Amino acid sequence: MEYDAFLDLVKRRRNVRHFKPDPLPEGAVEKMIEAAHWANSGSNAQPWEFIVVTDPARKEALLDIYHQYEVSGYHLESTRGDEFKHPARAKPPGAPRFKEAPAIIVVAADQRTMLASVMAATLYPENHVFHMNVATAVQILHLAATSLGLATEWVSIGNCIEERVKAALDIPPDFRVYVMVPVGHPARPPSAGVRRDVKDIIHYDSYCSDKYRTDEQVLDFIRGLRRASAPRPAGK
Ligand SMILES: Cc1cc2nc3c(=O)[nH]c(=O)nc-3n(C[C@H](O)[C@H](O)[C@H](O)COP(=O)(O)O)c2cc1C
């Protein structure tokens, strides 16, 4: 694949939060997982296992756990000023937005695989090797879905619900689950992506202090993100 085609794929991937209930094409999830399992990982530890949830009862259990997480997130969000409230947590939540997605891929990661890594990776948790190992595969899941004409959402699983998610899906105790990926057909065309200019984030040889943003510039940037992610009227 040439760079232009690759960049096009990367730019077309959007975080989609509303799905149609339409079924997935045969084999689509397996293709996503095949691609994801070629992700890189520290020492090639490959901690990932993928639980593809389509069974209505298991899905309902997951949605219920996630809903409670969103309720607690709403209460946390209520403690900060309106200007910076995250739009996803600004109102009391209803059912999770991704509820119609025909499949939810829960990414489970086996902590024992860290034995493959150098000692420093396990002794210094700040190295975050285990977390980074999970992220590489998750990113590829998303890109593979885009290449198949499908949409995905990155759904973080907070620590406070991790054990309940594991119990709901019979995931062994020595695994961690940080993220799940609903996949399906988007309910509406995704909005355009928002990114900083490349020229503002690229530094050659050393950090260019002219590019260091003031606190107010960072706050303005976040205000801009909030405007860009404000809920769109139906049909837009
Ligand atoms: C580490 C990480 C955690 C995220 N957690 C969530 C999440 O819990 N729920 C959600 O809807 N999106 C989540 N996202 C998606 C981001 O909000 C989204 O990628 C970002 O707003 C940029 O939008 P785009 O992906 O459409 O370009 C997460 C993304 C990453 C990389």
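The protein chain falls into two domains, with domain 1 covering 3-193 and domain 2 covering 197-230; these bounds come from an automatic or database domain assignment. This is a predicted model, in which local features need pLDDT of at least 70, side-chain atom pairs count only at pLDDT 80 or more, and totals for chains, interfaces and linings use all residues. Residues are numbered from 1 along each chain as its sequence is written, and side-chain values use heavy atoms, with hydrogens and water left out.

**Where the two domains meet**

- The C-alpha centres of domain 1 and domain 2 are 27 Å apart.
- Six residues of domain 1 are in contact with five residues of domain 2, contact meaning heavy atoms within 4.5 Å.
- About 490 Å² is buried between the two domains, and carbon and sulfur atoms give 55% of that area. Buried area here is the accessible area (1.4 Å probe) that two parts lose on being put together, summed over both.
- On the domain 1 side, Glu-83, Phe-84 and Pro-87 lose the most area to domain 2, together 83% of what that side buries.

- One salt bridge is counted between domain 1 and domain 2, defined as a side-chain nitrogen of Lys or Arg within 4 Å of a carboxyl oxygen of Asp or Glu.
- Arg-223 forms a salt bridge with Glu-83, and their closest N and O atoms are 2.2 Å apart.

**Around the ligand**

- Which residues are around the ligand? They are Arg-13, Arg-14, Asn-15, Arg-17, Glu-153, Trp-154, Val-155, Ser-156 and Arg-195, each having a heavy atom within 4 Å of the ligand.
- A polar side-chain atom of Arg-17 sits 2.7 Å from an oxygen atom of the ligand.
- For Ser-156, a polar side-chain atom is 2.7 Å from a nitrogen atom of the ligand.
- Arg-195 has a side-chain N or O atom 2.8 Å from an oxygen atom of the ligand.
- On its own the ligand has 620 Å² of accessible area, and the protein covers 60% of it; accessible areas come from the Shrake-Rupley method with a 1.4 Å probe, and for residues only the protein chains shown count as cover.

Methods: A polar contact is a pair of N or O atoms within 3.5 Å; within protein, one must be able to donate a hydrogen and the other to accept it, and residues adjacent in sequence count only if both atoms are side-chain atoms.
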